[in-house]
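Let's take a walk through a protein model together.

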Amino acid sequence: MEEQLKITCLHDLHVELGAKMSPFAGFDMPIQYSGIVDEHNAVRKDVGVFDVSHMGEIFVSGEDAEAFVNHIFTNDVRPLEAGSIIYGMMLYEDGGTVDDLLVYREFTDEPSYLLVVNASNIDKDYEWMKQQAAGYKVILDNQSDNFGQIAIQGPKAEDAVVDLLDLEDVRELTFYTFCDAEDEEGNRVIVSRTGYTGEDGFEIYAAPAIIRDMWQWLMDAGVKPCGLGCRDTLRFEAGLPLYGDELSAEISPVMAGLSMFCKLDKPEFIGKEALAAQKANGPAKKLVGIELADNAIPRAGYPVELEDGTQVGVVTTGYHSISLDKSICFALVDPQYAALGTSLWIHIRKRTFQGTVVKKRFYQTNYKK
């Protein structure tokens, strides 16, 4: 029997706008409205808004909250001040990735946290966290169904949030910080400044009814609605991973080139020993960026080969870049072929196309530091 797709609190509004809808992470989500290229360029040059209400929100509090989050998380939450955000992963003992996520340090006297996880992993993450909580005095509260979330992204995102949503305080936010606000009735609204597009941007978390009002205000003001299609092209150009493509139970942060978010100098965390071994001995594969000399489009799953046809890797994400007008991809390859400048060939249908290993951040990001 086919599983029933979930819907976000904005689903009917997407349908009214004529969005092309498609299953994603168990949800019926908008892939595009006016078109991926149009929406992509709006975020790069102006401002666009995404429905990201499918993402998960899990709160961690209690006497051992700091110790517990540090136990399950690769990065170090101990230095975090209230209002700060940090990126990292949760790992299995073998170093494979449970999920990548954001950790928000709440405005509380005792450390407590909001963990924002990927939509496809909400239930899995929550069950896994409950299993790891044995022996810790913590309260785990999965509030994913009670929050909506929109992401307002682009060079003019700040003005849109301040002017349209009447949230003047957000001008003080810097990259990877957040603030608490309230609507007119005293309901909590969380506003953060992280982004997943390479541009300046904000995320607003609130009760579904509030998010619906905010979305409508943005539509009335002419802010362009954007679908998950351009969200993928934007994050990819900025060199940002997607769970399931560049990270998975089989792909560790070391393989993905994300070791900077794994603090091996912490006393312990789940998967630490496996990551340390990978760093010492070298991972089985390494994630690289490849730029093709041709306009042929590499797609996920396409083989990466040497000139003689020997396969040495596989594409994880590939597009003809909208911002750069080049065909580019991420690929997991044998480490000896991961050096910048290495020539590799992508097998696309029945032909091969030469490419060169380049930095994974294809596009110059524009965050507010």
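Start at Ala-25, which sits in the loop joining strand E1 (20-24) to strand E2 (27-32). Helices (H or I, at least four residues) and strands (E, at least two) are DSSP runs, numbered from the N terminus. The model is a predicted one, where local features need pLDDT of at least 70 and side-chain atom pairs count only at pLDDT 80 or more, while totals for chains, interfaces and linings use all residues. Residues are numbered from 1 along each chain as its sequence is written, and side-chain values use heavy atoms, leaving out hydrogens and water.

Ala-25 is not a glycine, yet it has a positive phi of about 55°. Its relative accessible area is 27%, so it is partly exposed (buried means under 20% relative accessible area, exposed over 50%, partly exposed in between, with a 1.4 Å probe and protein chains only). Now look at Arg-349, in the loop between strand E18 (343-348) and strand E19 (351-358). Arg-349 also has a positive phi of about 55° without being a glycine, and with a relative accessible area of 70% it is exposed.

Next, find helix H4 (residues 122-132), where Ile-122, Asp-125, Tyr-126, Trp-128 and Met-129 are buried. Viewed down the axis of H4, these buried residues fall within an arc of 165°, so they line one face of the helix; the arc is that of the directions from the helix axis to the C-beta atoms. An α-helix has 3.6 residues a turn, so residues three or four places apart point the same way. On the other side of H4, Asp-123 and Gln-131 are exposed. The partners that the buried residues of H4 pack against include helix H3 (65-72) and strand E5 (85-91), where contact means heavy atoms within 4.5 Å.

Finally, explore the pockets. On a 1 Å grid over the protein atoms alone, a pocket is an open set of points where a 1.4 Å probe fits, with protein on both sides within 12 Å along at least five of seven lines; lining residues have an atom within 4 Å of a point. The largest pocket holds about 1200 Å³ of space. It is lined by 48 residues, and the closest to its centre are Tyr-87, Asp-100, Tyr-196, Leu-240 and Pro-241. Strand E6 gives the most to this lining of the largest pocket, with 4 residues. The second largest pocket has about 370 Å³ of space, and helix H6 (residues 208-220) gives the most to its lining, with 5 residues.

Technical notes
Grid points are joined across faces, edges and corners, and a volume is the space filled by probe spheres set on the points.
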